[in-house]
Amino acid sequence: MEKKGRSFTKIKKSMPAKEFKSFCIEIAEKYANSNEEFARSYFMKEYDISASCFYKILETAIVCNWVSDETVRKMEAKALKNQKAHAVEAGLTTRKHYAEMRQKRQDYILSFYTEKEIENLAVNFAYSPVSKKEFAEAEEISVGMLDKLLKKAIVELIVDDVIFNTIRQRSIDNTPQNQQEKVKDFFIKLAKERYSKISELLSE
């Protein structure tokens with residue numbers, strides 16, 4: 001029978017914020033970079049934490065953007081291996097859970113950007129000669145996070161029509177020809193959301 005161990009709340013209250021962050025990062029990175037046998041029970045014993053505390057620590061490290069995207073990828077891959085060893089369908093639950101945590105992570109990161117920062121990023125991206133991936137790496141964000149920021153800039157009217165159309169054309173030009181229709185459809189959808197926002201503002 002697994003020892004109960006310390007709760008997440010108890011640990012958080014017992015440490016200064018900086019120490020607690022380091023504690024969560026340490027466990028998340030060790031979990032991500034260790035072999036399959038170093039799973040929940042090992043960390044519960046090693047750090048004197050409960051099962052729910054272990055999972056909450058991993059979730060906090062992911063959502064609060066304390067670990068890299070690569071670490072999150074490794075964590076998910078390890079969780080999938082461990083879950084599939086116990087149940088065939090368990091991988092579906094793990095994928096769904098990590099997708100939800102990644103969404104929360106993006107929302108958390110997004111909350112720290114001011115409108116001016118989003119505008120500057122969108123303008124710089126519109127006229128940047130490098131690929132989307134290279135641009136995201138230079139900004140130290142994932143491509144998914146970049147997409148989310150650009151969408152916010154467009155839909156919430158943070159950038160003008162010139163920048164919107166420049167981003168649109170750049171995106172089409174950098175997409176393989178057999179996939180360009182999908183990109184065009186996506187920007188048509190964004191345009192509808194953008195002009196819906198304009199209509200709302202005009203009707204106020």
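**Reading the helices and rings**

Author: Just after helix H3, Asp 48 takes a positive phi of about 55°. Helices here are DSSP runs (H or I, at least four residues; strands are E, at least two), numbered from the N terminus. This is a predicted model, in which local features need pLDDT of at least 70 and side-chain atom pairs count only at pLDDT 80 or more, while totals for chains, interfaces and linings use all residues. Residues are numbered from 1 along each chain as its sequence is written, and side-chain values use heavy atoms, with hydrogens and water left out.

Reader: Which residues of H3 are buried?

Author: Buried means under 20% relative accessible area, exposed over 50%, and partly exposed in between (1.4 Å probe, protein chains only). In H3, residues 40-47, the buried residues are Phe 43, Met 44 and Tyr 47. Viewed down the helix axis, they fall within an arc of 105° (taken from the directions from the axis to the C-beta atoms), so they line one face of H3. Their cover includes helix H2 (17-32) and helix H4 (51-63).

Reader: How are two packed helices described?

Author: The description uses the angle between their axes and the distance between the axes. Axes are lines fitted to C-alpha atoms, for helices over the stretch in contact, with angles from 0 to 180 degrees between N-to-C directions. For helix H8 (residues 132-139) and helix H9 (residues 143-155), the axes come within 9 Å and cross at roughly 90°. H8 is therefore roughly perpendicular to H9 (65 to 115 degrees; under 35 is roughly parallel, over 145 roughly antiparallel, the rest oblique). Lys 132, Lys 133, Phe 135 and Ala 136 of H8 meet Val 143, Leu 146 and Asp 147 of H9.

Reader: How many aromatic pairs are there?

Author: Rings of Phe, Tyr and Trp (its six-membered ring) pair if their centres lie within 6.5 Å; planes under 30 degrees apart are stacked, over 60 edge-to-face, and the rest tilted. By this rule there are 14 aromatic pairs. Tyr 108 and Phe 112 form an edge-to-face pair, because their ring centres are 5.0 Å apart and their planes lie at 65°. Tyr 108 is partly exposed at 30% relative accessibility, whereas Phe 112 is exposed at 55%.

Terms used:
Contact = heavy atoms within 4.5 Å.
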